[in-house]
Amino acid sequence: MVRPHAGPPHLPGSVLLPLKAIAMNLLSLSATFGVLVWIFQDGHLDGLLGFDPTGNIEPNMPIMLFALIFGLSMDYEVFLVSRMKEQYDQLGESTPAVATGLQSIGRLVVSAAVLMCVPLAAIGMSDVLTMKLFGVGMVFAVLTDVLVVRILLGTAVMRLLGRAAWWAPGPLARFYTRYGIKEGDLPEGEPSEKPVPVGI
């Protein structure tokens, strides 16, 4: 096992990873909108959640939820993938990089998502239907995106792609190699910290 050194996240200069992130975001958004329609438009769980279904959803709510969910999803993606890229730079192999990257940052991401869901769940208990829809939708979106889409599906896709996940066309790869911001970048003369093997 390799202990990553501390530092800010950095983005890899690849092409497939942004495409994967957008595809994962579409999964989270589709699942969330489907659940909201099933609950608030079709009237399921109205007794449990304490609301009277109206048969429709206010048009502005999907737009607002889309913006918020998309932004949060990209935040989680950046934290997870940047840690995996750090491990890939150190280990040179995709499979252990995905595993150790997820191990080092996964708990932090899940904890942040759960903490965010606490105030959102309180909003979901509101007597105002639009606030209830917002709270329930955001709680479902955050938990689904982190626990299912990012940690399970996202890492599975990374595992299947292997080295192809980090592919970039020649000019972009050379530009990133020369100018890309990496976690190991230090002022001249300052020694860089090396990963330290530790036992499990």
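How many residues does helix α3 have, and how far does the helix reach from its first C-alpha to its last? Helix α3 covers residues 60-91, which makes 32 residues, and it spans 47 Å between those two C-alpha atoms. That is close to the 46 Å expected at 1.5 Å a residue, where the expected span is 1.5 Å times one less than the number of residues. Just past the end of α3, Gly92 takes a positive phi of about 80 degrees.

A word on the model itself. The structure is predicted, so local features are taken at pLDDT of at least 70 and side-chain atom pairs only at pLDDT 80 or more, while totals for chains, interfaces and linings use all residues. Residues are numbered from 1 along each chain as its sequence is written, and side-chain values use heavy atoms, with hydrogens and water left out.

Now the overall layout. The chain holds 6 helices and 2 strands, and along the sequence they come in the order β-α-α-α-α-α-α-β. Helices here are DSSP runs of H or I with at least four residues, and strands are runs of E with at least two, numbered from the N terminus. Of the 200 residues, 37% count as buried; buried is under 20% relative accessible area, exposed is over 50%, and partly exposed is in between, using a 1.4 Å probe and protein chains only. Among contacts (heavy atoms within 4.5 Å) between residues at least 6 apart in sequence, 75% join residues at least 24 apart.

Aromatic rings come next. The whole structure has 3 aromatic pairs, counting rings of Phe, Tyr and Trp (its six-membered ring) with centres within 6.5 Å; planes under 30 degrees apart are stacked, over 60 edge-to-face, and the rest tilted. Tyr88 and Trp166 make a stacked pair because their ring centres are 5.0 Å apart and their planes sit at 20 degrees. The two partners are 78 residues apart, with Tyr88 in helix α3 and Trp166 in the loop between α5 and α6 (170-179). Tyr88 is buried at 14% relative accessible area, and Trp166 is buried at 10%.

Trp166 also turns up among the contacts of Met158, a residue of helix α5. Met158 is buried, with a relative accessible area of 1%. Leaving out residues up to four places away in sequence, Met158 touches Leu17, Lys20, Met84, Ser94, Val98, Ala165 and Trp166. Its C-alpha lies 9.9 Å from that of Ala99, 59 residues away along the chain.

Helix α5 (residues 129-161) also carries Lys132. This lysine is buried yet has no salt bridge, and the nearest side chain of opposite charge, Asp127, is 5.5 Å away. A salt bridge needs a side-chain nitrogen of Lys or Arg within 4 Å of a carboxyl oxygen of Asp or Glu; Lys and Arg count as positive, Asp and Glu as negative, and His and the chain ends are not counted. The Lys132 side chain instead reaches the backbone oxygen of Gly124 at 3.2 Å. Beyond neighbours within four places in sequence, Lys132 contacts several residues, including Phe40, Leu49, Phe51 and Ile123.

Ser28, in helix α1 (residues 16-41), is buried at 0% relative accessibility and touches Asp145 and Val149, not counting residues up to four places away. Leu45 lies in the loop between α1 and α2 (46-49) and has a positive phi near 65 degrees, although it is not a glycine. At 37% relative accessibility, Leu45 counts as partly exposed.

Methods: A polar contact is a pair of N or O atoms within 3.5 Å; within protein, one must be able to donate a hydrogen and the other to accept it, and residues adjacent in sequence count only if both atoms are side-chain atoms.
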